[in-house]
Amino acid sequence: AVLGDPERAVGFHTRASELDPANAEYPLHLARAQIELGLIEDAKVNLTRAAVLDEGLGVVWGMLGELALRENNLRMAAQHVTEARRLEPGVVAWRVLEARILKRQGEPERALMLLAGLTGSDRNQPPVLRAMGECLGLLGRGSDALALYELAIEAEPAEPEFRLEAALWAERLGKTERALEFAEQARMMGDERAKAVIERLGG
């Protein structure tokens with residue numbers, strides 16, 4: 001029950017932290033719940049506590065990087081994500097975060113290169129494809145973004161989100177029939193967001 005209720009989670013992890021002040025997991029979980037509640041400054045304090053208690057927690061630096069990016073503090077975000085990637089080089093989420101920071105810094109090509117090396121199931125994660133698609137869009141390569149999602153659909157045919165994203169890219173490229181086809185498939189697979197796309201396209 002605590003997991004689905006951030007206010008209860010704050011209380012639980014606050015007490016746990018007081019009982020076991022040397023355990024980095026409690027301030028980390030407390031920070032997660034505080035972020036859900038919008039208590040960002042409190043969350044930063046607890047993430048910093050967790051970092052002091054366990055210097056090897058890449059997730060702490062990743063979360064601090066995400067918060068800095070939300071606040072558009074790109075220099076701080078870049079520092080934090082560098083530390084997260086140093087500690088956990090294999091975690092795809094930190095690579096995606098670094099790419100999002102580079103994109104925000106006006107370097108979509110560098111961001112794209114960072115993600116282009118991913119393969120297989122790593123590449124076909126929605127956040128990876130979304131970041132790659134956005135970078136391709138900024139570079140005026142919308143057809144490549146559509147192709148990216150078409151390949152993802154082949155690899156993961158049961159994922160409706162990929163069909164919805166493909167529909168949106170096809171729409172941007174003026175390929176209305178193709179967009180409708182993807183949107184209809186996404187709706188049939190249970191993605192309710194596709195309805196708005198279908199209505200917009202006159203389907």
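**Figure 1. The residue after helix α4.** Asn 72 follows α4 and has a positive phi, near 65°. Helices here are DSSP runs of H or I with at least four residues, strands are runs of E with at least two, and both are numbered from the N terminus. This is a predicted model, in which local features need pLDDT of at least 70, side-chain atom pairs count only at pLDDT 80 or more, and totals for chains, interfaces and linings use all residues. Residues are numbered from 1 along each chain as its sequence is written, and side-chain values use heavy atoms, with hydrogens and water left out.

**Figure 2. Helix α4 and its cover.** Helix α4 spans residues 58–70, 13 residues in total. From first C-alpha to last, α4 reaches 19 Å, close to the 18 Å expected at 1.5 Å a residue. The expected span is 1.5 Å times one less than the number of residues. Because 10 of its 13 residues are buried, α4 is largely enclosed by the rest of the structure. Buried means under 20% relative accessible area, exposed means over 50%, and partly exposed lies in between (1.4 Å probe, protein chains only). Among the buried residues are Gly 58, Val 59, Val 60, Met 63 and Leu 64. Leu 67, Ala 68 and Leu 69 are also buried. Their cover includes α2 (25–36), α3 (40–53), α5 (74–87) and α6 (92–104).

**Figure 3. Glu 66 and Arg 100.** These two residues form a salt bridge, with the closest N and O atoms 2.8 Å apart. The pair links distant parts of the chain: Glu 66 sits in helix α4 and Arg 100 in helix α6, 34 residues apart. A salt bridge is a side-chain nitrogen of Lys or Arg within 4 Å of a carboxyl oxygen of Asp or Glu. Side chains of opposite charge can pair when their charged atoms come close. Glu 66 is partly exposed, with a relative accessible area of 23%. Arg 100 is partly exposed too, at 29%.

Figure 4. Arg 86 and Glu 83 meet through their side chains at 2.7 Å, N to O. The two residues are three apart in α5, so about one helical turn separates them. Arg 86 counts as exposed at 57% relative accessibility. Glu 83 counts as partly exposed at 22%.

**Figure 5. Arg 130 and Glu 161.** The closest N and O atoms of this salt bridge are 2.6 Å apart. Arg 130 lies in helix α9 (residues 126–138) and Glu 161 in helix α11 (residues 160–172), so the pair ties together parts 31 residues apart in sequence. Arg 130 is partly exposed, at 33% relative accessibility. Glu 161 is buried, with a relative accessible area of 17%.

**Figure 6. A salt-bridge network.** Glu 41, Lys 44 and Glu 71 are linked in a network of salt bridges. The count of salt bridges comes to 15.

**Figure 7. The protein as a whole.** The secondary structure comes to 13 helices and zero strands. The C-alpha atoms fill a box of roughly 60 × 40 × 30 Å, taken along the principal axes. Of the 203 residues, 42% are buried.

Technical notes
Contact = heavy atoms within 4.5 Å.
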